[in-house]
Amino acid sequence: MPAVTKSAALLAECSLVTRTPGGCAWCGKALPARRRTWCSDRCGEAFWKNHWWSLARRAAKRRDKYRCTKCGHVLPKRPARTAFRTESAYKKAMAAWRAARKAGRLEVNHIVAANGRHAQISCVHHVENLETLCIACHALHTAELRDRVKATKAERAAAAAG
Ligand SMILES: [Zn+2]
Ligand SMILES: [Zn+2]
Ligand SMILES: [Zn+2]
């Protein structure tokens, strides 16, 4: 089964895994009978939350309290129906809210860039390597990264040319 092989390879290279003989790969506590990797489902879940992109992304947003870690941007609150006296006022507020939510979407960035290792399951998704950014800050960060890569390449080329 390839899934098993894959998680074994992941466990072998992961820096978060504890390697106590006979211990849980996450917390290191002695494994109960019939458990081979994790002492509990909680430990297995904690591991996957740091490796499975969709889970890791959600965990990072939750940790950052759904706000941009650079500028503090938060998503606007959904308007409550009861706060509006007329249906049309409510609909208008909802439309404005939807537009704001789309424009101010929160994304999750890899602090150490994934550089093509951005598979669905990977150690680059360790939650400590993730930060929540608004799209403006994320775009800025990506542009900076691109400039840095370009500068490094130019420097190398210059050095190679002597
Ligand atoms: Zn454990
Ligand atoms: Zn921001
Ligand atoms: Zn890992």
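Predicted model: local features only at pLDDT ≥ 70, side-chain atom pairs only at ≥ 80, totals over all residues.

Residues are numbered from 1 along each chain as its sequence is written, chains are lettered from A and ligands numbered from 1 in the order in which they are written, and side-chain values use heavy atoms, with hydrogens and water left out.

**Exercise 1.** Find which residues coordinate the zinc ion (ligand 2).

*Solution.* 
- Look for donors, meaning N, O and S atoms within 2.8 Å of the metal (3.2 Å for Na, K and Ca).
- The SG atoms of Cys-68, Cys-71, Cys-134 and Cys-137 coordinate the zinc ion (ligand 2) at 2.3 Å.
- Along the chain, these donors follow the spacing C-x2-C-x62-C-x2-C.

**Exercise 2.** Decide whether Cys-134 is buried or exposed.

*Solution.* 
- Recall the cut-offs: buried is under 20% relative accessible area, exposed over 50%, and partly exposed in between (1.4 Å probe, protein chains only).
- Cys-134 has a relative accessible area of 7%, so this residue is buried.
- Cys-137 is buried too, at 16%.

**Exercise 3.** Describe the surroundings of Asn-50.

*Solution.* 
- Asn-50 is buried, with a relative accessible area of 12%.
- Apply the contact cut-off, heavy atoms within 4.5 Å.
- Leaving out residues up to four places away in sequence, Asn-50 touches Leu-16, Trp-26, Ser-122, His-125, His-126 and Val-127.
- The Asn-50 side chain also reaches the backbone oxygen of Ala-46 at 2.9 Å.

Methods: Polar contact = N/O pair within 3.5 Å; in protein donor to acceptor, adjacent residues only side chain to side chain.
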